[in-house]
Amino acid sequence: MIETTQKPLDILIDKAMKTAKNQQIEQIISLTEKINDVDPFTFFDQAKVLGDNRFFWSSATDDFYLVGAGEAYTLQANTNAYYQIEQQWKHVLDRAFIHNSYRQPGTGFVAFGGFPFDPTESLSQVWDDFDGSHFRIPSYLLARHNGEFFLTMNIVVSPQDRKADLLEQIEQQKVTLLSTTAAIQAQAKIAFTEEVYPMEWKETVKKATEEIKQGKAAKIVLARAMNLHFDSLPVIQSVLKELMRVQTSSFIFAYEQGDSCFIGATPERLVRVEQEQVFSACLAGTAPRGKTTGEDQHIADHLLHDRKNREEHNYVVEMIEHALTDACESVYVPDQPVIYPLKNLQHLYTPVTAKLKKDYSILDIVKNLHPTPALGGLPREASLSFIRSFEALERGWYGAPIGWFDANQNGEFGVAIRSGLLKGKTATLFAGCGVVKDSDPDAEYQETVMKFAPMRSALRGENT
């Protein structure tokens with residue numbers, strides 16, 4: 001007698017098909033396999049076979065990548081978003097058939113997406129493809145963690161499906177996605193650059209300082225936009241590769257939605273949760289890098305002792321410490337910031353650690369933290385009221401939480417700064433700065449120029 005062992009994928013499909021037919025409703029199966037090394041950028045390029053529903057996330061310092069292809073399930077909310085997304089996530093988890101022998105963070109059943117900066121904002125122009133909060137469980141997920149590679153397949157099974165057809169489809173798509181070759185594409189060239197109302201923006205900065213001097217707020221963060229117009233469609237994977245090469249201390253992200261792609265390299269972690277351990281960061285106060293080691297150190301020393309930047313940084317530290325107390329315990333904050341150097345800029349940086357309380361999730365922390373004083377201001381409601389009234393900009397997902405969470409209570413969110421929205425042959429870049437009572441409009445303008453630099457450089461393909 002010959003014994004046969006049924007494969008996990010066959011078992012999952014059989015269970016899902018039986019339930020789907022009995023209940024006459026679609027089911028989801030999720031299977032994670034360990035695979036050989038795969039280039040994340042090639043995988044991202046090949047993912048076009050499943051349509052323009054790709055995403056990319058990396059933390060270079062942690063040797064961690066997530067690349068999503070296709071869309072198995074969507075979590076979406078326009079009101080009470082954090083609660084609604086959490087409830088939808090629990091609902092899909094309850095009816096998913098999941099097999100994951102590898103419990104490394106980011107492997108298996110994962111949702112990736114983001115929230116808008118201001119849920120009350122009407123998005124009708126640049127951000128019309130990004131309506132509300134949106135998270136995607138991909139059809140296929142490539143994860144790299146500590147040098148190992150994993151492929152998760154999330155397949156929707158309907159009552160009418162045939163097992164043989166599903167298996168053939170999965171095999172064909174896997175072969176395509178894991179291909180080791182990708183077409184070489186020339187990067188688009190910038191035809192012209194368009195600053196969006198720079199003089200009007202300086203006047204808004206001036207008005208903000210007047211409001212602060214009158215005691216109506218302590219700090220107001222103002223953002224502005226710049227449009228880059230190309231001679232052809234930008235090649236997203238080339239931009240990602242350049243950001244990865246140059247912005248080595250940043251989280252690199254891209255999220256396609258409709259005809260648009262939100263892309264960036266943010267140095268600012270909002271929060272990370274791994275095995276109930278919580279990590280957050282205060283990143284506020286900015287200066288350029290020096291051209292020599294001596295000049296660089298001089299600028300860093302000045303930043304550490306600059307009253308305006310330290311005041312701005314302390315606002316963020318106090319708010320994050322307070323925001324973590326609801327969902328966390330054992331919150332620890334160092335007494336003094338350190339310098340966090342990037343390719344073009346350096347920031348004041350204070351890490352924060354804590355432990356997640358029972359029955360809380362990463363979304364509870366994100367809800368409490370956003371927007372931090374580094375992106376909104378202080379007090380929160382007063383600064384947001386000014387932004388809504390006077391900032392001539394659709395922020396959309398700029399400055400908002402973007403990231404992922406998995407079925408094992410792990411997750412990570414960054415603050416979506418140093419970013420841009422690609423739509424057709426146009427890229428709209430975003431940059432902001434914290435305005436306090438002594439802010440100078442020209443100096444704040446120059447700070448935004450510095451903050452545009454990483455995305456402008458990557459989109460030009462200057463160093464490729």
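Student: Let's start with glycine 411: which strand does it lie in?
Tutor: Glycine 411 lies in strand β21, which covers residues 411–415. Keep in mind that this is a predicted model.

Student: Is glycine 411 buried or exposed?
Tutor: Buried, because its relative accessibility is 0%.

Student: And what is glycine 411 in contact with, leaving aside its neighbours within four places in sequence?
Tutor: Val271, Arg272, Val273, Ile362, Trp404 and Phe405.

Student: How far is glycine 411 from valine 49?
Tutor: Their C-alpha atoms are separated by 27 Å, and the two residues are 362 apart along the chain.

Student: OK, proline 105 next. Where is that one?
Tutor: Proline 105 is in the loop between β5 (96–99) and β6 (110–114).

Student: Why does proline 105 count as buried?
Tutor: Its relative accessibility is 12%, and the cut-off for buried is under 20%.

Student: What does proline 105 touch, not counting residues up to four places away in sequence?
Tutor: Phe64, His145, Glu274, Trp404, Asp406 and Asn410. Trp404 also turned up among the contacts of glycine 411.

Student: Switching to helices. Where is lysine 202 found?
Tutor: Lysine 202 is in helix α5, residues 198–213.

Student: A lysine, so I have to ask: buried or exposed?
Tutor: Lysine 202 is buried, with a relative accessible area of 15%.

Student: What does the side chain of lysine 202 make a polar contact with?
Tutor: The side chain of aspartate 442, at 2.9 Å. Setting aside neighbours within four places in sequence, lysine 202 is in contact with Pro441, Asp442 and Tyr445.

Student: Which other residues of α5 are buried?
Tutor: Besides Lys202, the buried ones are Trp201, Thr204, Val205, Ala208, Thr209, Glu211 and Ile212.

Student: And what covers the buried residues of α5?
Tutor: The cover includes β11 (219–230), α10 (380–390), β23 and α11.

Student: What span should α5 have, and how far apart are its end C-alpha atoms?
Tutor: At 1.5 Å a residue, the 16 residues should span 22 Å, and the end C-alpha atoms are 23 Å apart, so the two agree.

Student: What comes just after α5?
Tutor: Glycine 215 is there, and it takes a positive phi of about 80°.

Student: You mentioned α11. What does threonine 448 touch?
Tutor: Threonine 448 is found in helix α11. Not counting residues up to four places away in sequence, it touches Trp201, Arg224, Ala431, Gly432 and Cys433. Trp201 is one of the buried residues of α5. Threonine 448 itself counts as buried because its relative accessibility is 0%.

Student: New topic: how many cavities of 30 Å³ or more are there?
Tutor: A search of the whole structure finds 3. About 140 Å³ of space lies in the largest cavity.

Student: Which residues lie nearest the centre of the largest cavity?
Tutor: Leu283, Ala374, Ile417, Arg418 and Lys451, out of 17 lining residues. The elements giving two or more residues to that lining are β15 (277–288), β23 (426–435) and α11 (441–460). β15 gives the most, with 4 residues.

Student: How do the lining residues divide into nonpolar, polar and charged?
Tutor: There are 8 nonpolar, 4 polar and 5 charged.

Student: Last topic, the backbone. Which peptide bonds are cis?
Tutor: Two to look at are histidine 370 to proline 371, with omega near -10°, and leucine 378 to proline 379, with omega about -10°. Proline 371 is in the loop between α9 (362–369) and β19 (377–378), while proline 379 is in the loop between β19 and α10.

Student: What about a positive phi in a residue other than glycine?
Tutor: Glutamine 24 has one, near 55°. Glutamine 24 lies in the loop between α1 (8–23) and β1 (27–35), and it counts as exposed because its relative accessibility is 53%. Aspartate 359 also has a positive phi, about 70°. Aspartate 359 lies in the loop between β18 (345–356) and α9, and counts as exposed at 72% relative accessibility.

Student: Why do those stand out?
Tutor: Because most residues other than glycine have a negative phi, and most peptide bonds are trans.

Terms used: Residues are numbered from 1 along each chain as its sequence is written. Side-chain values use heavy atoms; hydrogens and water are left out. Buried means under 20% relative accessible area, exposed over 50%, partly exposed in between (1.4 Å probe, protein chains only). A polar contact is a pair of N or O atoms within 3.5 Å; within protein, one must be able to donate a hydrogen and the other to accept it, and residues adjacent in sequence count only if both atoms are side-chain atoms. Contact means heavy atoms within 4.5 Å. On a 1 Å grid over the protein atoms alone, a cavity is a set of points where a 1.4 Å probe fits but cannot get out, and a pocket is an open set with protein on both sides within 12 Å along at least five of seven lines; lining residues have an atom within 4 Å of a point. Grid points are joined across faces, edges and corners, and a volume is the space filled by probe spheres set on the points. Ala, Val, Leu, Ile, Met, Phe, Trp, Tyr, Cys and Pro count as nonpolar, Asp, Glu, Lys and Arg as charged, and the others, Gly among them, as polar. The expected span of a helix is 1.5 Å times one less than its number of residues.
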